[in-house]
Amino acid sequence: MKTFNGNNSIMDMFEKGKVLKICAPMVRYSKLAFRTLVRKYSCDICFTPMIVAADFMRSVKARDSEFTTNDCDRPLIVQFAAHDAQTLADAACVVAPFSDGVDLNCGCPQRWAMSAGYGACLINKPELVKDMVRHVRNQVDNPNYTASIKIRIHKDMKRTVDLCQKAESAGVSWITVHGRTTEERHQPVHYDAIKTIKDSVSVPVIANGDIKYLRDVESTHQLTGVDGVMAARGLLANPAMFAGYEETPLECIWDWVDISIEQGTPFSCFHHHLIYMLERVSSQPERKLFNSLSSTSAVIDYLQNTYGSVHELGT
């Protein structure tokens, strides 16, 4: 595994001319164990799940439960939900020694987030976003530490371009664009909008939305000229996707079992990830049976009986 520490800058990775492959921030799912797994399969950068900065700063218990990492968990971006600049900067200063950057969530369309002033409602507050980026850049005492934003798009692309250019003027490190509006869920991704943003700023741009196979990485790059792609559901279904596998290989499934046991992953999380991984390769009766399993030992027995052990891969 490649080494990465605070003396490195993620920005150097963008200069290598390759399209970076990134694991998205996913509530409940992009935790340490899953990040450990996807890093084994050609994922370049991982994000934590979104953490509400105010709660994080208010409680030591929240900090301990929301943010776990280890020495191999790099490069790592911590994503925060915030609506005031100083709280975001304070949270960034707390996690900076253990990560490589923070990301401001400006894309979550869930009603609870937007009603609390978080997530996608921030795309309508470019001056506030600019202020939050500037506070992080000014207050984290590490010139290599990044401050990025993840956004959705407006129907009027001039507003999105204005937001991105304001963030760039405040020193944003890069911008991730989910190519849908706040109202859109499963509609096609607006690749033209992502390309417009890429052409309008000089900082790196990451594309997010509908990355399900490795071939989608290259096709998205061709359509938009972006510097990287970010996947969420595609990686849940196949954590080895970035390594070129069409579906989750047996080796990856057993890697997940080993990592989960080693890190003490709660059963519900361990089981849910396997439900996603096996969806493409199992029949409906198999899925029904697997979903009903209620212990780690039952899951391991099922996997061995149904798919064989990892030692049988070569036979």
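Helices α12 and α15 are where I would like to start: in this predicted model, α12, residues 250-263, and α15, residues 296-307, pack at an angle of about 165°, with their axes 12 Å apart. Since angles over 145 degrees count as roughly antiparallel, the two helices are therefore roughly antiparallel to each other, and α12 passes α15 in a left-handed crossing. On the α12 side the contact is made by L250, I253, W254, V257 and I261, and on the α15 side by I300, L303, Q304 and Y307. Sorted by class, that contact has 8 nonpolar residues and 1 polar residue, with no charged residues.

The largest pocket has a volume of about 1000 Å³, and of the 35 residues that line it, P25, M26, H178, A232 and R233 lie nearest its centre. Two or more lining residues come from each of β6 (146-152), β9 (228-231) and α11 (233-237), and it is α11 that gives the most, with 4 residues. The lining of this largest pocket, taken by class, has 16 nonpolar, 9 polar and 10 charged residues.

And what about the second largest pocket, how much space lies in it? The value is about 370 Å³, and the pocket is lined by 18 residues, with R28, K31, T265, P266 and C269 lying nearest its centre. Here the elements that give two or more residues to the lining are α2 (32-39), α4 (60-66) and α13 (267-278), while the classes in the lining of the second largest pocket come to 7 nonpolar, 7 polar and 4 charged residues.

Conventions:
Residues are numbered from 1 along each chain as its sequence is written. This is a predicted model: local features need pLDDT of at least 70, side-chain atom pairs count only at pLDDT 80 or more; totals for chains, interfaces and linings use all residues. Side-chain values use heavy atoms; hydrogens and water are left out. On a 1 Å grid over the protein atoms alone, a cavity is a set of points where a 1.4 Å probe fits but cannot get out, and a pocket is an open set with protein on both sides within 12 Å along at least five of seven lines; lining residues have an atom within 4 Å of a point. Grid points are joined across faces, edges and corners, and a volume is the space filled by probe spheres set on the points. Ala, Val, Leu, Ile, Met, Phe, Trp, Tyr, Cys and Pro count as nonpolar, Asp, Glu, Lys and Arg as charged, and the others, Gly among them, as polar. Axes are lines fitted to C-alpha atoms, for helices over the stretch in contact, and angles run from 0 to 180 degrees between N-to-C directions. Angles under 35 degrees count as roughly parallel, over 145 as roughly antiparallel, 65 to 115 as roughly perpendicular and the rest as oblique. A crossing is left-handed if the near helix is turned anticlockwise from the far one by less than a right angle, and right-handed if clockwise. Contact means heavy atoms within 4.5 Å.
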